[in-house]
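Here's a short tour of one model, from its sheet down to a few side chains. Take a look at the structure first.

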Amino acid sequence: MRSVGHGRLREISTSAALDIAASATPQTAILADPNDPNGRKPGDRVEVMPDDYGKIKVSGEIVALSSQHIAIRRHDPRAGEVVVHFPRAGFVVLPA
């Protein structure tokens with residue numbers, strides 16, 4: 001972390017943050033988990049949802065997964081293509 005640094009905190013508006021996201025390209029590397037107990041793999045369509053409260057599903061296509069995390073690509077009307085990362089603990093992954 002020292003070599004990467006923490007960056008500089010700069011307040012920006014919600015609109016500016018969404019514009020930055022819309023012009024960015026996700027950089028998440030494709031990662032498969034050959035031991036996934038459900039046989040999931042990059043490219044599969046899934047829904048990810050917390051298993052406790054706020055049960056709002058996020059739908060997308062798997063980009064990367066391991067026993068510890070899952071990352072899904074989705075399209076947001078305002079932010080464009082984004083890859084959302086979730087821990088596996090505390091979340092349910094369902095086929096879409």
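How many residues lie between strand 3 and strand 4 in their hairpin? There are three.

## Ground rules

This is a predicted model, so to speak of local features takes pLDDT of at least 70, side-chain atom pairs count only at pLDDT 80 or more, and totals for chains, interfaces and linings use all residues. Residues are numbered from 1 along each chain as its sequence is written, and side-chain values use heavy atoms, with hydrogens and water left out.

## The sheet

Five strands make an open sheet in the order 4-3-2-1-5, with antiparallel pairing. Strands here are DSSP runs of E with at least two residues, numbered from the N terminus, and two of them pair if DSSP finds at least two bridges between them. Strand 4 and strand 5 sit at the edges, each pairing on one side only. From one strand to the next, the twist averages 45° (axes are lines fitted to C-alpha atoms, with angles from 0 to 180 degrees between N-to-C directions).

Ala71 has His85 in strand 4 as its bridge partner. Strand 1 and strand 2, also antiparallel, share four bridges, and Glu47 stands opposite Ser59 in strand 2.

## The core

The largest nonpolar core has eight residues: Val46, Val48, Ile62, Leu65, Ile70, Ile72, Phe86 and Val93. A core like this is a set of buried Ala, Val, Leu, Ile, Met, Phe, Trp, Tyr and Cys residues joined through side-chain atoms within 4.5 Å. Strand 1 (45-50), strand 2 (58-65) and strand 3 each supply at least two of its residues.

## An aromatic pair and a buried arginine

Searching the whole structure turns up one aromatic pair. The ring centres of Phe86 and Phe91 are 5.4 Å apart and their planes are at 55°, so the pair is tilted (rings of Phe, Tyr and Trp, its six-membered ring, pair with centres within 6.5 Å; planes under 30 degrees apart are stacked, over 60 edge-to-face, the rest tilted). Phe86 is buried at 11% relative accessible area, while Phe91 is partly exposed at 26% (buried is under 20%, exposed over 50%, partly exposed in between, with a 1.4 Å probe and protein chains only).

Arg88 lies in the loop between strand 4 (80-87) and strand 5 (91-95), and is buried at 18%. Among its contacts beyond four places in sequence are Asp36, Arg40, His69 and Ile70.

Terms used. Contact means heavy atoms within 4.5 Å.
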